[in-house]
Amino acid sequence: MQITDRKRVFNGHYKIDELAVRAPNGQEFTREQFIFGNAVAALVFDTARQLYIFTRQFRYGPEREVLEIAAGMIDHDDTPDATVRREIHEELGYEVDMLTHIATVYSTPGASTETIAIYYAEVSLQTGPGGGVAGENEYIKIVTLDWDTLLAEPFQDAKTLVAVQWARLQR
């Protein structure tokens with residue numbers, strides 16, 4: 001496949017490019033590409049309380065609240081490690097004691113440029129309230145789960161499923 005042209009067709013909160021594509025057989029067609037930037041996410045474990053810490057927040061895609069691991073977008077001048085530490089503090093109120101990179105994955109490779117760097121983070125001291133940043137229109141509820149409840153939870157968020165499966169494999 002060869003991309004022969006691209007033009008920005010939407011430039012709002014998210015961006016959409018229209019790509020002109022030429023297939024190996026010479027056929028030409030168009031596809032839309034969603035430009036989201038890159039993100040981080042972390043399965044957070046409080047070693048003092050022996051609980052996993054999640055967020056529950058309204059998500060516009062499914063138009064409902066979703067239980068998921070802490071996550072956020074990487075700023076242009078930030079590293080994934082620094083971003084995930086910041087997001088854990090903003091969303092959950094914790095400082096990170098230990099951070100392990102699990103994987104970096106494409107969220108939706110058929111249409112999106114976004115990658116998500118997924119981490120496991122251990123924490124032990126909550127130094128802030130969490131709940132997100134009001135100026136970013138975040139309204140986050142903090143949810144804690146023990147191991148058995150974590151295993152029984154029917155997660156529907158892909159990045160959360162990757163992190164939880166990783167945790168299962170580590171036991």
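Let's start with the rings: this structure holds seven aromatic pairs. A pair here means rings of Phe, Tyr or Trp (its six-membered ring) with centres within 6.5 Å; planes under 30 degrees apart are stacked, over 60 edge-to-face, and the rest tilted. Before the details, a caution: this is a predicted model, local features need pLDDT of at least 70, side-chain atom pairs count only at pLDDT 80 or more, and totals for chains, interfaces and linings use all residues. Residues are numbered from 1 along each chain as its sequence is written, and side-chain values use heavy atoms, without hydrogens and water.

Take Phe45 and Tyr52. Their ring centres are 4.7 Å apart and their planes stand at 45 degrees, so this pair is tilted. Both Phe45 and Tyr52 are buried, meaning under 20% relative accessible area; exposed is over 50%, and partly exposed is in between (1.4 Å probe, protein chains only).

Now Phe54 and Phe155. Here the centres are 5.3 Å apart and the planes at 25 degrees, so the pair is stacked. It links distant parts of the chain, 101 residues apart. Phe54 sits in strand β5 (residues 51-59), and Phe155 in the loop between α2 (147-152) and α3 (158-170). Helices (H or I, at least four residues) and strands (E, at least two) are DSSP runs, numbered from the N terminus. Phe54 and Phe155 are both buried.

Elsewhere, ring pairs join Tyr14, Phe34 and Phe36 into a cluster.

Next, helix α3. It has 13 residues. First C-alpha to last, α3 reaches 19 Å, close to the 18 Å expected at 1.5 Å a residue; that expectation is 1.5 Å times one less than the number of residues.

Which residues of α3 are buried? Lys159, Thr160, Ala163, Val164 and Ala167. They cover an arc of only 130 degrees around the axis, which puts them on the same side of α3. The arc is taken from the directions from the helix axis to the C-beta atoms. On the face turned away from that buried side, α3 carries the exposed residues Ala158 and Leu169.

What does Thr160 contact, leaving aside neighbours within four places in sequence? Phe54, Leu67, Glu68, Ile69 and Phe155, with contact meaning heavy atoms within 4.5 Å. So both rings of the stacked pair, Phe54 and Phe155, are on that list. The side chain of Thr160 also reaches the backbone nitrogen of Ile69 at 3.0 Å.

Notes. A polar contact is a pair of N or O atoms within 3.5 Å; within protein, one must be able to donate a hydrogen and the other to accept it, and residues adjacent in sequence count only if both atoms are side-chain atoms.
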